[in-house]
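Have the structure open beside you and follow along.

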Amino acid sequence: MVEDTRARSFGAVAADYDRFRPGYPAGALRWALAGTGDDAHVVDLGAGTGILTRDLRALGHRVTPVEPDPGMRARLDAATPGTTALAGSAESVPLPDGSADAVLVGQAYHWFDRARAHVEIARVLRPDGIFAPIWNVRDDTVGWVAELGRIAQMGENIIDLTEKVTTFGAAFGPVELGRFTHRTTVTGDEVVGLMRTRSHWLTGAPGQRQRMDAELRELFATHPDLAGRETVELPYRTLVFRARRR
């Protein structure tokens, strides 16, 4: 299946994924985990290279990362001293019943088999525990950022997510939505590097990849908000969808 191929495409570029993908604003994570305490046991599900894991650990939480891809797990372990990622998936979490205060998911929930994942996540959570998928989404109300998304076929957007993520099944209460903003400072080359960690680029034909690279470089060379600048601020809106285990 095309979706399966795209979901499995990241391990080959794990180092670049870790380098170019943005972290998560502390305010968004604190909101996601409100009421869990300062040293909550948090499962980072679909942990990738550990970007979210490290942000959660910086806030003082005990984090268990779970990731199916061996290449991503290896990068997470190398970049996150004192942490070893568990091999597992959203549909098969290698943890005991009721062992987690919260389960967070950074940029990965859309790959889950949701019906199976919701049951498994509910099993791992304690009563009243929190489940919260999180996305960093580029702020495409900014002109050049919208053009970036068009060129790179970076498809997720605010409207899609808020319309599609509405319930986590019978085991969970109502879904609450938190909205946050942050920015990263990047060069044109770093934006190209970021694009090359996206599934559309990773699974694209050579000609499609070359076209994307060329159009992005042209964007940075010619757009009036970008031309002649060594760095630029790339704005993000972070969405947190939070619900509690019944």
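**Entry: around α7.** I began just past helix α7, where Gln 153 takes a positive phi of about 55°. The model is a predicted one, and I kept that in mind throughout. I then stepped back into the helix itself, residues 143-152, and listed its buried residues: Trp 144, Val 145, Leu 148, Gly 149, Ile 151 and Ala 152. They sit on the same side of α7, because the arc they cover around the axis is only 165°. What do the buried residues of α7 pack against? I found β5 (125-138), α9 (188-195), α10 (199-202), α11 (206-222) and β7 (232-244).

Entry: Next I looked at Thr 141, which lies in the loop between β5 and α7. Is Thr 141 buried or exposed? Its relative accessibility is 61%, so I noted Thr 141 as exposed. The side chain of Thr 141 makes a polar contact of 2.5 Å with that of Asp 139. I also checked Thr 141 against Pro 235: they are 94 residues apart along the chain, and their C-alpha atoms are separated by 9.6 Å.

**Entry: other positive phi values.** Most residues other than glycine have a negative phi. Gln 107 has a positive one, near 65°, and lies in the loop between β4 and α6. With 14% relative accessibility, Gln 107 counts as buried. Asp 128 has a phi near 75°, again positive, but this residue lies in strand β5. Asp 128 counts as partly exposed, at 41% relative accessibility.

**Entry: the sheet.** I traced the strands next. There are 7 of them in an open sheet with mixed pairing, and the order reads β3-β2-β1-β4-β5-β7-β6. Which strands are at the edges? They are β3 and β6 (176-186), each of which pairs on one side only. At the β6 end, I found β6 and β7 paired in the antiparallel sense over 11 bridges. Within that stretch, Thr 185 stands opposite Glu 233 in β7.

Entry: I followed the chain from β1 through helix α4 (residues 51-58) to β2 and noted a right-handed β-α-β unit.

**Entry: Thr 53 in α4.** I stopped at Thr 53, which lies in helix α4. It counts as buried because its relative accessibility is 0%. Leaving out residues up to four places away in sequence, Thr 53 touches Asp 44, Ala 47, Val 63, Pro 65, Leu 76, Thr 80 and Thr 83.

**Entry: α5.** Leu 76 took me to helix α5 (residues 70-79), whose buried residues are Met 72, Arg 73 and Leu 76. These lie on the same side of α5, since they cover an arc of only 100° around the axis. Pro 70 and Ala 78 are exposed, on the face turned away from the buried side. The cover over the buried residues includes α2 (14-20), α4, β2 and β3 (86-87). At the start of α5, I noted a side-chain oxygen of Asp 69 within 2.8 Å of the backbone nitrogen of Gly 71.

**Entry: the cores.** I finished with the nonpolar cores. Which members of the largest core touch the most others? Leu 45 and Phe 131 do, out of 27 residues. The elements giving two or more residues to this core are β1, β4, α6 (114-124), β5 and β7. Beyond its neighbours within four places in sequence, Leu 45 has contacts including Val 66, Val 93, Leu 104, Phe 112 and Ile 121. There is also a second, separate core of 22 residues, with Trp 144, Met 212, Leu 226 and Tyr 236 among them. Trp 144 brings me back to α7, where it is one of the buried residues.

Key: Residues are numbered from 1 along each chain as its sequence is written. This is a predicted model: local features need pLDDT of at least 70, side-chain atom pairs count only at pLDDT 80 or more; totals for chains, interfaces and linings use all residues. Side-chain values use heavy atoms; hydrogens and water are left out. A crossover is right-handed if, with the strands pointing away from the viewer, the path from the first strand over the helix to the second runs clockwise. Helices (H or I, at least four residues) and strands (E, at least two) are DSSP runs, numbered from the N terminus. Buried means under 20% relative accessible area, exposed over 50%, partly exposed in between (1.4 Å probe, protein chains only). The arc is that of the directions from the helix axis to the C-beta atoms. Contact means heavy atoms within 4.5 Å. A polar contact is a pair of N or O atoms within 3.5 Å; within protein, one must be able to donate a hydrogen and the other to accept it, and residues adjacent in sequence count only if both atoms are side-chain atoms. A nonpolar core is a set of buried Ala, Val, Leu, Ile, Met, Phe, Trp, Tyr and Cys residues joined through side-chain atoms within 4.5 Å. Two strands pair if DSSP finds at least two bridges between them.
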